[in-house]
Amino acid sequence: MFTEQLGSDGKSVRLRDQIAKIQKNDVMVYTKNFSLTKTEGKTIVYFGAVDAKSTVYVNGTEVGNHDGGYTSFEYDITDYVTNGKNTVTVWVEDEGVYGVN
């Protein structure tokens with residue numbers, strides 16, 4: 001689950017602590033680097049919810065879009081990840097101060 005990001009000082013920042021700073025129509029981009037040892041089977045990235053519009057990229061390639069702030073969604077990213085270092089980037093646009101869907 002993506003609950004943290006690095007602030008400009010290199011320290012971890014809890015995303016939910018930043019919610020009060022989000023304004024209508026703001027865009028946020030979250031990036032998470034991770035290492036993976038590929039095995040047989042699928043690699044799935046799961047989101048409990050993203051408010052409101054999101055686009056997910058793996059290693060710079062768009063893997064999907066989702067609209068709606070209160071529904072979970074997932075993507076099969078098996079074909080987008082590699083052995084070793086990988087990056088997931090989530091672009092989010094909030095349509096209203098707490099999401100207007």
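The chat below goes from strands to sheet to core.

Mentor: Start with the ground rules. This is a predicted model, where local features need pLDDT of at least 70, side-chain atom pairs count only at pLDDT 80 or more, and totals for chains, interfaces and linings use all residues. Residues are numbered from 1 along each chain as its sequence is written, and side-chain values use heavy atoms, with hydrogens and water left out.

Trainee: Okay. How many helices and strands are in the protein chain?

Mentor: The protein chain has 0 helices and 8 strands. Both are DSSP runs numbered from the N terminus: helices are H or I with at least four residues, strands are E with at least two.

Trainee: Which strands form the open sheet, and in what order?

Mentor: The order is 3-8-5-6, with antiparallel pairing. Two strands count as paired if DSSP finds at least two bridges between them.

Trainee: And which are the edge strands?

Mentor: Strand 3 (27–36) and strand 6 (61–67), since each pairs on one side only.

Trainee: What holds paired strands together, in general?

Mentor: Strands of a sheet pair through backbone hydrogen bonds, either parallel or antiparallel.

Trainee: How many bridges join strand 3 to strand 8?

Mentor: There are 10, and strand 8 covers residues 84–93. Look at Y30, which sits opposite V90 in strand 8. N33 has T87 as its bridge partner there.

Trainee: What about strand 5 and strand 8, how many bridges?

Mentor: 6 bridges link them, with strand 5 at residues 53–58. One to find is T55, whose bridge partner in strand 8 is W91.

Trainee: New topic. How much of the protein chain is buried?

Mentor: Buried residues are 30% of its 101 residues. Buried means under 20% relative accessible area, exposed over 50%, and partly exposed in between, using a 1.4 Å probe and protein chains only.

Trainee: Which residues have the most contacts inside the largest nonpolar core?

Mentor: F47, V56, Y75 and I77, in a core of 13 residues. Such a core is a set of buried Ala, Val, Leu, Ile, Met, Phe, Trp, Tyr and Cys residues joined through side-chain atoms within 4.5 Å. Strand 4 (44–47), strand 5, strand 7 (73–76) and strand 8 each give two or more residues. Strand 8 gives the largest share, 3 residues.

Trainee: Pick V56. What does V56 touch?

Mentor: Leaving out residues up to four places away in sequence, its contacts include F47, F73, Y75, V88 and V90. Contact means heavy atoms within 4.5 Å.
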